[in-house]
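Me: I am new to reading protein structures. Could you walk me through some features, one at a time?

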Amino acid sequence: QAAISYFQAETEEKIADAIYLDIASLVKQLPSHKEGDLARLLTHYGAYSVVAVDDLEQLKDHPPLQEAVLFLFNQVSNGGGKLLFASRISPTAMDWLRKDLSSRLLWGEVLTITPPSDDELGEILAKMAHDRQVILGSELINFLQLRLPRRVSDYGDAMEKLDRAGKGLKHKLTVPLAKKVLGL
């Protein structure tokens, strides 16, 4: 499961720039965890109209970044921007989180996203194939569901490889072809 916290400042401005950040990459970008370094780093990111911050649960291992994320939240929202935070746990369960940051994460909607069911994954795969104008038989869909990791991104990667192979070889997409192309 994953939790997403979404906050949109009241604004009529159009989206100019967006950026995706994750806590691990922010940690790598910091020469130190001194307040000045954190402020300089996030002042750059605060100029974006849309900021998405992923892996928020990792703030537990990096307490100095909590202040930086709070600073970023304030800067983006005060500038009329939009923020999206994603975490494997709900902000309400982050009892180690700074109270001021926790309250800001709860200003907007908090949604719980559950992994797709087998039926939903089959529908996702069928939709990906349809969008690419690729015909997948039910046998191949079942095979892929059994063999691929249960992540939509892996389904997308597999569909891209199968689509290329099907076009290049002028073959119908079959289970043996999928085994060969995907190394399954």
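This is a predicted model: local features need pLDDT of at least 70, side-chain atom pairs count only at pLDDT 80 or more; totals for chains, interfaces and linings use all residues.

Reply: Happy to! Residues are numbered from 1 along each chain as its sequence is written, and side-chain values use heavy atoms, with hydrogens and water left out.

Me: Which class does R164 fall into, buried or exposed?

Reply: R164 counts as exposed, because its relative accessibility is 52%.

Me: What is a salt bridge, and how many does the structure hold?

Reply: A salt bridge is a side-chain nitrogen of Lys or Arg within 4 Å of a carboxyl oxygen of Asp or Glu. The structure holds 8 of them. In one of these, E160 pairs with R164, and the closest N and O atoms are 3.4 Å apart. E160 is partly exposed, with a relative accessible area of 36%.

Me: Which side chains does D163 meet in salt bridges?

Reply: One is R132, at 3.0 Å from N to O. That pair links distant parts of the chain: R132 is in the loop between helix 5 (118–131) and helix 6 (138–147), D163 is in helix 7 (residues 152–169), and they are 31 residues apart. Another is K167, at 3.6 Å from N to O; D163 and K167 both lie in helix 7, 4 residues apart. D163 counts as buried at 8% relative accessibility, whereas R132 is partly exposed at 31% and K167 is exposed at 53%.

Me: What about R104, which is buried yet has no salt bridge?

Reply: For charges, Lys and Arg count as positive and Asp and Glu as negative; His and the chain ends are not counted. The nearest side chain of opposite charge to R104 is D100, 5.1 Å away. A polar contact is a pair of N or O atoms within 3.5 Å; within protein, one must be able to donate a hydrogen and the other to accept it, and residues adjacent in sequence count only if both atoms are side-chain atoms. The side chains of R104 and N74 make such a contact at 2.8 Å.

Conventions:
Buried means under 20% relative accessible area, exposed over 50%, partly exposed in between (1.4 Å probe, protein chains only). Helices (H or I, at least four residues) and strands (E, at least two) are DSSP runs, numbered from the N terminus.
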